Amino acid sequence: MDLQTTAELVIEKFKDAGGYSELPDEELLVSVYGFLEEIYQKHLAIAQAKIKAEENRGIFPDTKRYDAAYQGVEDIVMYYANKLAATDRAEI
């Protein structure tokens, strides 16, 4: 997942909507990127722990299961990115 590009798109939408921040654009980008990175790492660790728990029970996931777990992590990150980029309540 390209978090840098995702963070840049969030900032772009924020600016297009006339958003205001006291932070310079570079610092705002670092802040948004850091938030998305934290969400990504947190949910990746959760997904890895679930897979490890299944392996410990003797259930060895195939490629589809790994892909689904990773896609779930990406979906969660995109959910938070969309919430950050929302310009009105209907977009949340």
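**Exercise 1. In which helix does leucine 84 lie?**

Solution. Leucine 84 belongs to helix 3; helices here are DSSP runs of H or I with at least four residues, strands are runs of E with at least two, and both are numbered from the N terminus. The model is a predicted one, in which local features need pLDDT of at least 70 and side-chain atom pairs count only at pLDDT 80 or more, while totals for chains, interfaces and linings use all residues. Residues are numbered from 1 along each chain as its sequence is written, and side-chain values use heavy atoms, with hydrogens and water left out.

The last step is to list partners. With residues up to four places away in sequence not counted, leucine 84 touches Val10, Val32, Phe35 and Leu36, where contact means heavy atoms within 4.5 Å.

**Exercise 2. Describe the chain as a whole.**

Solution. Begin with the secondary structure: there are 3 helices and 0 strands, and the order along the sequence is α-α-α.

Continue with the dimensions. Along the principal axes, the C-alpha atoms occupy a box of roughly 55 × 25 × 15 Å. The radius of gyration of the chain is 16 Å, whereas a compact globule of 92 residues would have one near 12 Å; the radius is taken over C-alpha atoms, and the globule rule is 2.2 Å times the number of residues to the power 0.38.

Then consider burial and contacts. Of the 92 residues, 24% are buried. Among contacts between residues at least 6 apart in sequence, 65% join residues at least 24 apart.

Finish with confidence. The mean pLDDT, the predictor's confidence in each residue on a scale from 0 to 100, is 91 for the chain, and 98% of the residues reach 70 or more. Confidence is highest in helix 2 (residues 25–56), at a mean of 95, and lowest in helix 3 (residues 63–85), at 93.

**Exercise 3. Is threonine 6 buried or exposed, and which residues does it touch?**

Solution. Second, classify it: threonine 6 is buried because its relative accessible area is 12%. Third, list the partners: Met1, Leu36, Met78 and Ala81 touch threonine 6, when residues up to four places away in sequence are not counted.

**Exercise 4. Locate tyrosine 80 relative to other parts of the chain.**

Solution. Tyrosine 80 is in helix 3 and counts as partly exposed because its relative accessibility is 27%. Its contacts, leaving aside neighbours within four places in sequence, are Phe35, Leu36 and Ile39.

Two C-alpha separations complete the picture. Tyrosine 80 and tyrosine 40 are 40 residues apart along the chain and separated by 9.9 Å. Tyrosine 80 and phenylalanine 60 are 20 residues apart in sequence and 30 Å apart in space.

**Exercise 5. Why does proline 61 count as buried?**

Solution. Proline 61 sits in the loop between helix 2 and helix 3. Its relative accessible area is 11%, and therefore proline 61 is buried. Residues up to four places away in sequence not counted, proline 61 touches Ile51, Glu54, Glu55 and Tyr66. For isoleucine 51, the C-alpha to C-alpha distance from proline 61 is 7.3 Å, at 10 residues apart in sequence.

Technical notes
Buried means under 20% relative accessible area, exposed over 50%, partly exposed in between (1.4 Å probe, protein chains only).
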